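Dear colleague,

I am passing on a structure for you to look through, and below it you will find my notes on what was found. Please read them with the structure open beside you.

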Amino acid sequence: MRLADQIIIADDHPLFRQALMLTLNAVPEIQGVEWLEADTVDVLEKLLETSADADLLVLDLQIPGAHGFSTLVHVRSHFPDLPVVVVSAHEEDENIRRAMQAGACGFIPKSMDPNKLRDAIVAVLEGQMWVPDPKILEQSGDDDIVARLASLTPQQHRILMMFADGMLNKQIAIDLSVSEATVKAHATAIFKKLNVRNRTQAVIAVSQLDLGQFQTS
């Protein structure tokens with residue numbers, strides 16, 4: 001029995017997407033699946049508008065437009081029925097724990113053997129959770145910022161990411177085809193939900209989910 005009819009792969013490296021699809025096409029339970037590809041957060045958001053009922057999202061945390069775990073938090077809060085598996089070259093235990101804390105169903109290191117990768121994807125499609133080592137999830141952590149980010153609407157999340165990219169209100173208004181007053185109104189709502197006072201504090205808050213802070217030497 002086929003486990004999936006439609007799978008979204010969000011990664012900005014075409015060779016990785018092709019390699020992943022080739023690897024998974026060898027799995028009998030997945031053969032014949034429809035693949036949808038996204039190489040930026042913007043493309044992913046457009047796909048989700050029409051394909052939110054996909055069976056799985058395979059997400060690279062560093063896809064352009066993302067800021068660490070923020071895209072994962074956003075997807076899980078607004079598309080709760082879509083299982084998400086994170087694939088990443090950042091394999092530190094804390095990254096794995098935070099990804100699962102943010103709602104991922106699995107975390108697959110990009111260095112993983114293809115056979116184990118196939119087993120991991122099948123496990124998630126069968127409704128299981130998958131991480132390289134279950135002991136990682138026994139560690140504790142503060143998920144307050146995850147909950148606060150999850151409370152943002154899609155438009156608020158988009159504007160917050162633009163803040164993090166250093167865009168001015170006027171630039172954001174032009175990009176989103178709204179007035180500056182509308183951007184300011186969204187900003188006020190964002191600050192309230194994140195429990196911060198201004199744009200700088202909001203960017204600092206979202207930076208808590210950046211991958212870089214968990215890298216080890």
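**Helix H7 and its neighbours**

The axes of H7 and helix H10 (residues 199-207) come within 9 Å and cross at roughly 95 degrees; axes here are lines fitted to C-alpha atoms, for helices over the stretch in contact, and angles run from 0 to 180 degrees between N-to-C directions. H7 is therefore roughly perpendicular to H10, since angles of 65 to 115 degrees count as roughly perpendicular, those under 35 as roughly parallel, those over 145 as roughly antiparallel and the rest as oblique. Helices (H or I, at least four residues) and strands (E, at least two) are DSSP runs, numbered from the N terminus.

Please keep in mind that this is a predicted model, in which local features need pLDDT of at least 70 and side-chain atom pairs count only at pLDDT 80 or more, while totals for chains, interfaces and linings use all residues. Residues are numbered from 1 along each chain as its sequence is written, and side-chain values use heavy atoms, with hydrogens and water left out.

On the H7 side, the contact with H10 is made by Leu 160, Met 161, Phe 163 and Ala 164, and on the H10 side by Arg 199, Ala 202, Val 203 and Val 206, where contact means heavy atoms within 4.5 Å. By class, this contact of H7 with H10 has seven nonpolar, no polar and one charged residues (Ala, Val, Leu, Ile, Met, Phe, Trp, Tyr, Cys and Pro count as nonpolar, Asp, Glu, Lys and Arg as charged, and the others, Gly among them, as polar).

How do the axes of H3 and H7 cross? Helix H3 (residues 70-78) and H7 have axes that come within 11 Å and cross at roughly 175 degrees, and the two helices are therefore roughly antiparallel to each other. Here Ser 70, Thr 71, His 74 and His 78 of H3 meet Pro 154, His 157 and Met 161 of H7, and the residues of this contact of H3 with H7 divide into two nonpolar, five polar and no charged.

**Ser 88**

Leaving aside residues up to four places away in sequence, Ser 88 touches Phe 107, Ile 108, Pro 109 and Lys 110.
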